[in-house]
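Hello,

I am passing a structure on to you, and I hope you enjoy looking around in it. Please open it first, and then read my notes below.

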Amino acid sequence: MSSLDQDQRLHPSCRNQTTVSSDLSDTPEVAKLPLQGLKLASHAVLEKAQVRGRLKCSKCGGSRMFFCYTCCSLLGVNLQEIPVIKLPVKIDIIKHPNETDGKSTAVHAKILAPSDVTIYTYPCIPEYKKGKVVLVFPGPDAVSVQDMMQCLKDLTDSRSHGASYEPRIKRLKTEEVQGPTHTAEKPQSSPDEAKSLESRMYPLQRVVFIDSTWNQTNKISTDERLQDLLRVELKTRKTCFWRSQKGKPDTYLATIEAIYYFLMDFSEHCLAQEYNGEYDNLLFFYSFLHSVVNKAKTSAGKC
Ligand SMILES: [Zn+2]
């Protein structure tokens with residue numbers, strides 16, 4: 001399935017809409033049906049929890065439904081009842097301290113992919129290694145996901161002067177040349193395939209996302225610790241987020257949407273694997289909440 005088909009499948013109405021990120025009640029009826037056709041785990045557990053209502057978080061005392069966004073733990077829902085996703089690459093999310101936790105979708109990623117996602121609160125962020133880490137953030141210097149791996153390899157090439165990196169790079173280049181015919185004959189899970197996957201990932205170690213409102217995001221992205229990182233832009237996606245932010249373009253995605261679309265592109269363009277819904281469950285909470293908001297708006301409109 002091409003990314004275009006995928007996009008259409010997900011957002012049958014969003015692709016040609018320029019108003020999808022604004023209040024959904026302003027959009028045509030057809031735009032109220034985004035996020036269709038995802039391969040999702042059953043929402044029955046969330047429907048049950050919703051009927052039960054909000055619970056008090058035992059750690060912070062906050063009144064929450066499904067999960068506590070402050071403590072990043074489930075509430076009234078068991079871990080066994082929700083999908084857990086293994087991601088192909090480690091993801092860091094940098095949160096602005098003033099960001100209202102309840103509005104953030106970053107916690108969805110942490111709960112659904114706990115072993116691969118780390119959330120940091122700005123300004124407490126790690127020292128990232130240039131050439132091994134990318135920042136998903138738009139800008140004049142940003143490259144597409146498709147071009148990202150080559151740019152990283154070029155960076156590594158130009159930075160290493162025949163020292164420890166060189167044999168590794170030479171080996172990778174050989175594999176790249178042989179790639180298509182070599183891997184086509186192998187079963188997916190063979191050691192060669194795993195090695196090939198590893199080489200396709202190299203030198204990428206981590207992908208960083210910023211979770212914050214528009215203005216605060218700019219402040220974080222100009223932090224000198226993030227300045228040297230290769231920037232990657234998700235160019236063609238439009239948000240279906242139900243909370244509009246004034247002055248934002250509709251390509252400004254909710255954090256969980258950005259992670260999801262990045263992984264789809266990454267899978268297809270960088271790992272050369274056809275996307276078959278492997279990461280759809282990242283939208284497990286998002287799509288449910290989206291439908292709840294839409295139902296509420298529909299019934300409010302009828303009154
Ligand atoms: Zn809590």
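Helix α4 has 15 residues (145-159), and from its first C-alpha to its last it reaches 21 Å. That is close to the expected 21 Å, where the expected span is 1.5 Å times one less than the number of residues. Helices here are DSSP runs of H or I with at least four residues, strands are runs of E with at least two, and both are numbered from the N terminus.

Two notes before you go further. This is a predicted model, in which local features need pLDDT of at least 70 and side-chain atom pairs count only at pLDDT 80 or more, while totals for chains, interfaces and linings use all residues. Residues are numbered from 1 along each chain as its sequence is written.

Which residues of α4 are buried? They are Val145, Met148, Met149 and Leu152; buried means that 20 or more other C-beta atoms, placed from the backbone, lie within 10 Å of a residue's own, exposed means 12 or fewer, and partly exposed is in between. Down the helix axis, these buried residues of α4 fall within an arc of 90 degrees, so they line one face; the arc is taken from the directions that lead from the axis to the C-beta atoms. Gln150 and Ser158 are exposed residues on the face turned away from that buried side. The buried residues of α4 pack against β7, β9 and α9, and contact here means C-beta atoms, placed from the backbone, within 7 Å.

Next, the sheet. It is open, with 5 strands in the order β6-β5-β8-β7-β9 and parallel pairing; two strands pair if DSSP finds at least two bridges between them. At the edges are β6 and β9 (230-232), each of which pairs on one side only. On average, neighbouring strands are turned by 30 degrees against each other, direction ignored. Such angles use axes fitted to C-alpha atoms, for helices over the stretch in contact, and run from 0 to 180 degrees between N-to-C directions. Inside the sheet, β5 (90-95) and β8 pair over 6 bridges, and Ile94 stands opposite Ile210 in β8. Helix α9 packs on the sheet, where it touches β5, β7 and β8, and its direction makes about 155 degrees with that of β8. Helix α4 lies across β7 and β9, running at about 175 degrees to β9.

The largest nonpolar core has 57 residues, and Ala109, Val134, Val136, Ile259, Phe262 and Leu282 have the most contacts inside it. Helix α9 (255-270) gives the most to this core, with 10 residues. A nonpolar core is a set of buried Ala, Val, Leu, Ile, Met, Phe, Trp, Tyr and Cys residues joined through C-beta atoms within 7 Å. Leaving aside residues up to four places away in sequence, Val134 touches several others, including Met148, Leu204 and Leu229.

Finally, some backbone details. Most residues other than glycine have a negative phi, and most peptide bonds are trans. Phe66, in strand β3 (66-68), has a positive phi of about 75 degrees, and Phe66 is buried, with 22 other C-beta atoms within 10 Å. Cys72 also has a positive phi, near 60 degrees, but Cys72 is partly exposed, with 16 C-beta neighbours. A cis peptide bond joins Tyr122 and Pro123, with omega about 10 degrees; another joins Tyr202 and Pro203, with omega about 0 degrees. Pro123 lies in the loop between β6 and β7, and Pro203 in the loop between α6 and β8.

Best wishes

Technical notes: Contact = placed C-beta atoms within 7 Å.
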